[in-house]
Amino acid sequence: LGGYSAQKIQLDIKKHENEHPEESGSIPKSFHIYGLAIFFNALGLVYVFTFIAVITLVAGSDQYWLVALFYGVVMLVQGLVSPILGYVYDKYGRITAVLPFIVALVPALTLINATLPLLLVGCIFFGITLSGQDVVFKAIVGDFITHRRGTAYSFYFGYLNTGLLLSSIVFGYLVEQNLQNSAWIFSVIFEVIAFILLLYSISLKNKNTINSS
């Protein structure tokens, strides 16, 4: 480490915090509420691997190539939509996050009496939601936190990936039990909770911003 001991590193960190006190504060409550919104958004989203399972059931064993095609559609949509969402976020700010939260409802709806065209629509909207998570949600982290952003992003990915993990378990179980037609009920419940938490976190952030100005 070029002569840097653990003690020297700690001293440098302490010096930096003394010179930049605005960067040494704790992560605000509004950010963790936002993190819970991200968690429930991910929990209510039918993840692409659940779609793959349903596609194999609908298409049959002789059309597994459709799995790769539909996954390619997800990646294509994400790539095309991401610059658009980035531009919209730069123009309109945090309210842009409402769009991925609403769109996240669609994939579960397409599992009702699923057909290949419906599943394709679901994959398209999944790609849009994925783009929102990668672009808008991450941008909002930087908007919420002006200090300790490394810690903030670690929390963000913790909330997001835990939600996706549980989503895979919940919706995977529903598909395994042939209950995918009811998946939209769980999706609506989780996304409504997520939406309420999102609006609350934004209102807290706006209030804190006004109070500090």
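Author: Helices here are DSSP runs of H or I with at least four residues, numbered from the N terminus. In this predicted model, the protein read along its sequence follows the pattern α-α-α-α-α-α-α-α-α, with nine helices and zero strands. Buried residues account for 42% of its 213 residues, and among contacts with a separation of 6 or more, 82% join residues 24 or more positions apart.

Turning to the rings, a pair of aromatic rings is described by the distance of the centres and the angle of the planes. Rings count as a pair if their centres lie within 6.5 Å, and by this rule there are eight aromatic pairs. One of them joins Phe101 and Phe137, whose centres are 5.2 Å apart and whose planes meet at 50°, so this pair is tilted. Because Phe101 belongs to helix H5 (residues 98-103) and Phe137 to helix H7 (residues 116-144), the pair ties together parts that are 36 residues apart in sequence. Both Phe101 and Phe137 are buried.

Tyr156 and Phe157 also form an aromatic pair, an edge-to-face one, with 5.0 Å from centre to centre and 75° between the planes. Tyr156 is buried, with a relative accessible area of 1%, whereas Phe157 is partly exposed, with a relative accessible area of 34%.

Elsewhere, Phe31, Tyr34 and Phe144 are linked by ring pairs into a cluster, and Arg94 lies over the face of Phe144, at 5.9 Å from the ring centre.

Terms used:
Residues numbered from 1 in each chain as written. Predicted model: local features only at pLDDT ≥ 70, side-chain atom pairs only at ≥ 80, totals over all residues. Heavy atoms only, no water. Phe/Tyr/Trp six-rings, centres within 6.5 Å; stacked < 30°, edge-to-face > 60°. Helix = DSSP H or I, 4+ residues; strand = E, 2+ residues; numbered from the N terminus. Buried < 20%, exposed > 50% of the residue type's maximum accessible area, 1.4 Å probe, protein only. Lys NZ or Arg CZ within 6 Å of the ring centre and 35° of its normal. Contact = heavy atoms within 4.5 Å.
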